[in-house]
Amino acid sequence: MSLQNFMNEAISPWMKEEGPDSDIVLSSRIRLARNFAQVTFPIIAKEEELKPILDFFNQEYAHQSFKDYRNLELVEMSRLKPIEKRVLVEKHLISPHLAEHSDHSAALISENEQISVMINEEDHLRIQLYYPGFQLEQALQRASELDDWLEEKINYAFDEKRGYLTACPTNVGTGMRASVMMHLPALAMTQQVNRMIPAINQLGLVVRGIYGEGSEALGNIFQISNQITLGKSEEDIVEDLQSVVRQLVDQERKARETLMQRSGIQLEDRVFRSYGVLKNSRIIESKEAAKCLSDVRLGIDLGFIKNVSQNILNELMILTQPGFLQQYAQETLTPDQRDIRRASLIRERLQLEKK
Amino acid sequence: MECQECHQRPATVHLTKVINGDKTEIHVCEQCAKEKGYGETSFSLNDLLSGLFNFDHATSISSGTAPASTQLAKQVQCPKCGLTYKEFARIGKFGCAECYKTFDEKLNPIFRRVHSGNTQHNGKIPKRAGGNLHLRKEIEQKKHELHQLIDREEFEEAAKVRDQIRKLEKQLDDEQGGDV
């Protein structure tokens with residue numbers, strides 16, 4: 001697997017598999033923050049301290065296999081063009097932080113892109129593992145095994161009292177951030193999401209937009225994750241998150257049903273208008289595209305639209321991001337040019353579905 | 001509720017300002033909040049954190065005299081990475097694993113605020129870095145179990161657990177002996 005594969009396909013191979021509740025939960029993710037015991041954390045470390053970590057990964061882990069994940073690819077950030085880094089960010093394979101701090105940083109990525117271990121991010125290691133649909137427990141189990149595999153050769157910074165030691169006090173303890181990506185169009189349409197967010201926050205969970213902290217819930221996609229990392233076990237954190245996600249799934253289903261009963265024709269109209277916009281527009285901004293994609297995905301889930309794959313939302317949400325558009329065009333584009341490109345890309349993609 | 005600045009988007013940022021006893025409420029959308037600079041502190045985690053770290057500093061100003069411990073803490077410097085407490089409070093990040101020991105006595109209040117009152121790890125123990133912590137935790141848990149069994153007067157079960165504890169303690173002794 002070469003870097004080119006990570007760049008060309010908008011949708012990661014693991015996303016193509018269907019997971020439980022995938023009509024609402026797009027993906028589940030576990031992220032573990034880990035550090036080398038003897039090395040200063042990346043934020044204040046000198047270059048000569050961080051380079052050995054990268055070298056160590058090149059030596060010990062590049063092209064190695066962990067379980068079924070064969071031939072792990074070590075992608076060094078300093079060798080990538082800005083647009084290529086942006087593409088990896090848009091695919092959630094690396095964080096914006098890693099893209100910005102490229103000296104001696106890298107990501108160890110599995111062929112199906114389910115695993116991405118970021119090296120020399122805010123912490124020395126950020127282990128990320130994705131599963132399609134609602135599978136937090138499986139993701140935790142697998143991430144923990146990956147963590148054990150890495151620990152065989154690395155002396156982790158761990159303290160009996162404080163747990164895994166991290167650069168930021170908000171990650172100490174388990175170092176774990178568990179999160180799910182949810183598509184909640186009916187709850188958003190009926191204005192219920194805004195009322196639910198404060199309640200969710202009170203449970204020690206955070207609700208964010210698709211591209212993390214501070215980002216907007218583009219396309220009615222919400223990311224929900226744990227805030228607290230200290231004092232609770234990984235299993236308890238996942239369980240708490242799961243029970244909230246489970247309730248949100250139920251609420252979203254109920255809201256969809258109610259909408260169908262009370263204003264089925266309006267809903268159908270909205271879905272097909274959005275479908276029409278995507279099929280016919282020549283210029284489209286990312287915000288409008290996201291809104292229409294969310295409507296179309298809902299239309300697919302509700303059975304209004306047939307012969308279009310569910311993945312269209314995930315795929316086109318990523319594919320129509322600025323980095324991807326430019327990677328696709330193989331040149332730098334102005335925002336106006338991007339809006340034109342985006343429209344034609346969406347039209348092409350929907351044409352493809354027809355066959 | 002609509003945003004009181006642009007009157008277009010829904011208000012998602014709600015702030016209550018209290019300045020010298022005057023209370024004002026602000027309801028704006030995220031964009032306007034950013035433009036107007038509302039809630040800069042509530043949005044930047046860093047600012048929020050460094051605010052937390054300086055907590056006892058702020059109270060000491062209002063009471064007129066700074067306690068000696070605070071003054072001292074500000075000069076504390078991590079022997080490994082050189083980060084001072086002041087610098088730590090500014091960037092809101094530790095410099096290395098040793099910082100946790102260096103600033104230990106200042107950390108409980110911070111962790112309590114960030115992690116809903118928790119200050120102690122209660123999760124995974126790494127296989128190697130955890131040393132014999134696994135074993136000690138298991139003994140602790142068995143002892144707890146033993147007490148419960150005794151309370152319930154289930155002595156036969158209790159005897160079994162007691163034997164398990166003895167075995168584990170012996171194992172721990174052997175391991176520690178091996179280390180020396």
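Biologist: Why are α3(A) and α11(A) called oblique to each other?

Modeller: In this predicted model, the axes of α3 (residues 82-90) and α11 (residues 322-329) of chain A cross at roughly 130° and come within 8 Å. Angles under 35 degrees count as roughly parallel, over 145 as roughly antiparallel, 65 to 115 as roughly perpendicular and the rest as oblique, so α3(A) and α11(A) are oblique.

Biologist: Which residues in α3(A) and α11(A) meet?

Modeller: Ile83(A), Glu84(A), Arg86(A), Val87(A) and Glu90(A) in α3(A) meet Pro322(A), Gly323(A), Phe324(A), Gln326(A) and Gln327(A) in α11(A), contact being heavy atoms within 4.5 Å.

Biologist: Happy with that! What makes Ser105(A) buried or exposed?

Modeller: Its relative accessible area is 1%; buried means under 20%, exposed over 50% and partly exposed in between, with a 1.4 Å probe and protein chains only, so Ser105(A) is buried. Ser105(A) sits in the loop between α4 (96-100) and β3 (106-109) of chain A.

Biologist: What does the side chain of Ser105(A) reach?

Modeller: The backbone oxygen of His101(A), at 2.9 Å.

Biologist: And which residues touch the most other members of the largest nonpolar core?

Modeller: Ile30(A), Phe57(A) and Met182(A), out of 113 residues. Such a core joins buried Ala, Val, Leu, Ile, Met, Phe, Trp, Tyr and Cys residues through side-chain atoms within 4.5 Å. Helix α8 (residues 234-280) of chain A gives the most to this core, with 13 residues.

Biologist: How should I read the numbering and the cut-offs?

Modeller: Residues count from 1 along each chain as its sequence is written, and chains are lettered from A in the order in which they are written. Local features need pLDDT of at least 70, side-chain atom pairs count only at pLDDT 80 or more, and totals for chains, interfaces and linings use all residues, while side-chain values use heavy atoms, without hydrogens and water.

Terms used: Helix = DSSP H or I, 4+ residues; strand = E, 2+ residues; numbered from the N terminus. Polar contact = N/O pair within 3.5 Å; in protein donor to acceptor, adjacent residues only side chain to side chain. Axes fitted to C-alpha atoms, helices over the stretch in contact; angles between N-to-C directions.
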